Amino acid sequence: MGDIFVVVEHRKGEVRDITYEMLFKAGQLCREYSHNLTAVILAGHDESFLDDIAPKADRGIVYEDESLKHFNGDLYRDILKGLIEEHRPFLTLAGHTSWGMDLGPALSAKTGYPLATDCVDILVENDRPVVIRQIFSGKVFSRVSFKESEGYLVSVRPGSFLPEDIEARKGEVIKNELPADLPVPRKNFVEFVDTAAGDVDISQADLLVSIGRGIGDEDNIEELKNLANTMGGTLSCSRPIVDKNWLPKYHQVGTSGKSVKPKVYLAFGISGAFQHVAGITAAGTVIAVNKDKKAPIFRVADYGVVDDLFNVVNALKEKLNA
Amino acid sequence: MNIVVCVKRVPLTQEVDLEIDGTGKDVKKDALAYVVNDWDNYAIEEAVLLQEKFGGTATAITIGTEDDEEVLRRALAVGADRAIRIDPGDLELDGFVISKLLAGVIKDLEYDLVLTGVQADDDNCGMVGIMLAEHLGLSHAAVVTGVEPEGDEATIKVELEGGMDEVSKIPFPALLSIQTGINEPRYVSIMGIRKAGKKELKVLEVADLNLTEDDLTPRTVVEEVFLPPETEGAEIIEGDASTVAEEIIRILTEKGVMV
């Protein structure tokens, strides 16, 4: 059978977790359906992670150039398009990350290969991939098939495949020259800016009292802050609170904020979008209070309370002040 | 600066029990309330902010039925200058076909910038914007949290994972998929609604767009949708608020986190 390509994602000289997750899943599919696993690495010169990645694939196809040190959508798209048209892989995986969301659709438009995004599982039925996705913010799952094509593109949701041991493979390394006709990229990198630093370090707290959209109004934040103080905990939040400018970004838990590891995570009015849940995988005990009994947060919480959060907050205050 | 902004009307599904419909390929939608997609709401605000600062026009586009014009009227009410609805008839839509329909309209407009939301709250695909950019031959970036135009380029911020932004420069014309939190979307005013009624809202048919059969053929097919298995999940703490509070305090004390 053909190849499975995995597009290696890295930042500041380090391989991102999504890469190992994709290599793990691709390895499983390769074993089951006798495909070959190819890791595609676009990077600056002398990146140390090549030695780490190559043995996790049958071969690593490497392009090294200073212009590839940081992700560049234009260069990635054009190089990968050429590579895909040369090798015609059955399946190409990229992360459903900020960069992958720029790359995947561009590659699909350029190669004509169909794309399914943000997939949480990949199966093969009748020689075609079939993917599982989540829709309506994780409340419903969908099973999606592709129009027949020579090859298929899938972007993988971070955290969907937790790699145990990634088996060793041949690890042949092929260094390719940059295509001669590569156009000059239009978008150009300037710098990285850290957005998560601030007065409070939520990643160090043992008890996080965390608030989400269910809090309803900015005026209610003070009340939850007081509760957190009374309990000796730290206030954190989900994305909608930061989007509304109700709390600074350094309070935000989740993929675009911080990953946290409190002993107890007490979530009020947080529905549990995957981007949020990804930030609490290392939490000890998760207690969620939400009036929507179908909120996805209850699928990951240890304890759940289905009630208006303010009923619970008021009762907690009464008990604690008594 | 002329800006095109693509918007979608989506069902509101928070705090709603969703049920699968008879086809097994979608959820029952008759009883759901509809709103403008959250990401698109930020994209509209960004378009209006840029248009207010740099002049030019802001055009809002949607694909859908007459009911979906609600999101166009809303965009007009908060400051867009004109609106276009593409009526897809009974066409099967996926991200690819949607991007082709939008490209079919936008290619004939004058623009410096096309904005979309990062993704839609219903199908959570996040692919239309960048595909559209490729069809139109535009430079592009996804998950954008800042746009500062200067001359014929813009300095933009892309939100990365792990509390980090990537700053880069991108030339016009460009397409940016806009992330929530980039601005503070304004509310619709009575005055805005009055003005919106006088603005142009054009309706186009698929036949007007000069697209090929391949352009109109979906590349992905939803085979079935299903509710997540209920087997696993939280142990629900039952009882009135007072009982619940006692149990939470017991857990916090047991875990040794409460002083």
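**Exercise 1.** Across which strands of chain A does helix H4 (residues 98-111) of chain A lie?

*Solution.* The model is a predicted one.
Step 1. Find the strands under the helix: H4 of chain A lies across S1, S6, strand S7 (115-125) and strand S10 (152-156) of chain A.
Step 2. Take the direction from S10(A), to which the helix runs at about 170°.
Step 3. Look at two of these strands as a pair. Strand S1 (residues 3-7) and strand S6 (residues 91-95) of chain A run parallel and are joined by 3 bridges. Within S6(A), A:Thr92 is the residue opposite A:Phe5.

**Exercise 2.** In what order do the 10 strands of the open sheet with mixed pairing follow one another, and which strands stand at the edges?

*Solution.* Step 1. Read across the sheet: S11(A)-S5(A)-S4(A)-S1(A)-S6(A)-S10(A)-S7(A)-S8(A)-S9(A)-S12(B).
Step 1. Take the ends. Strand S11 (172-176) of chain A and S12 of chain B are the edge strands; each has a single partner strand, so one side of each has no neighbour in the sheet.

**Exercise 3.** Which strands form the open sheet with parallel pairing, and which helices of chain A lie across strands S13 and S16 of chain A?

*Solution.* Step 1. List the 6 strands in order: S14(A)-S13(A)-S15(A)-S16(A)-S17(A)-S13(B).
Step 2. Strand S17 (residues 303-305) of chain A and S13(B) run parallel, with 2 bridges joining them. One such pairing is that of A:Gly304 with B:Ile236.
Step 3. Place the helices. Helix H5 (residues 221-231) of chain A lies across strand S13 (207-211), S14 and strand S15 (264-268) of chain A, at about 170° to S13(A). Helix H9 (residues 309-321) of chain A lies across S15, strand S16 (285-289) and S17 of chain A, at about 130° to S15(A).

**Exercise 4.** How many residues of chain B are in contact with chain A, and what is the side of chain B that touches chain A made of?

*Solution.* Step 1. Count the residues: 85 of chain B are in contact with 88 of chain A.
Step 1. Turn to area. The two chains bury about 7,500 Å² between them, with 57% of it on carbon and sulfur atoms. Of the area that chain B buries against chain A, B:Glu134, B:Glu161 and B:Arg219 supply 9%, more than any other three residues.
Step 2. Count polar pairs: 47 residue pairs are in polar contact between chain B and chain A.
Step 3. Find the contributing elements. Those of chain B that give two or more residues include helix H1 (38-54), helix H4 (128-136) and helix H6 (241-254). H6(B) gives the largest share, 9 residues.
Step 4. Sort by class: this side of chain B has 42 nonpolar, 20 polar and 23 charged residues.
Step 5. Look for salt bridges. There are 10 across the interface. A:Lys294 and B:Asp17 form a salt bridge through their side chains, at 3.7 Å from N to O.

**Exercise 5.** In which direction, parallel or antiparallel, do strand S12 (residues 188-194) of chain A and S9(B) run?

*Solution.* Step 1. These strands run antiparallel and are joined by 6 bridges.
Step 1. For a position along them, take A:Val193, which stands opposite B:Asp165.
Step 2. Follow chain B into the loop between S9 and strand S10 (174-178), where B:Pro173 is placed. The peptide bond from B:Phe172 to B:Pro173 is cis, with omega near -5°.

Methods
Residues are numbered from 1 along each chain as its sequence is written. Chains are lettered from A and ligands numbered from 1 in the order in which they are written. This is a predicted model: local features need pLDDT of at least 70, side-chain atom pairs count only at pLDDT 80 or more; totals for chains, interfaces and linings use all residues. Side-chain values use heavy atoms; hydrogens and water are left out. Contact means heavy atoms within 4.5 Å. Buried area is the accessible area (1.4 Å probe) that two parts lose on being put together, summed over both. A salt bridge is a side-chain nitrogen of Lys or Arg within 4 Å of a carboxyl oxygen of Asp or Glu. A polar contact is a pair of N or O atoms within 3.5 Å; within protein, one must be able to donate a hydrogen and the other to accept it, and residues adjacent in sequence count only if both atoms are side-chain atoms. Helices (H or I, at least four residues) and strands (E, at least two) are DSSP runs, numbered from the N terminus. Ala, Val, Leu, Ile, Met, Phe, Trp, Tyr, Cys and Pro count as nonpolar, Asp, Glu, Lys and Arg as charged, and the others, Gly among them, as polar. Two strands pair if DSSP finds at least two bridges between them. Axes are lines fitted to C-alpha atoms, for helices over the stretch in contact, and angles run from 0 to 180 degrees between N-to-C directions.
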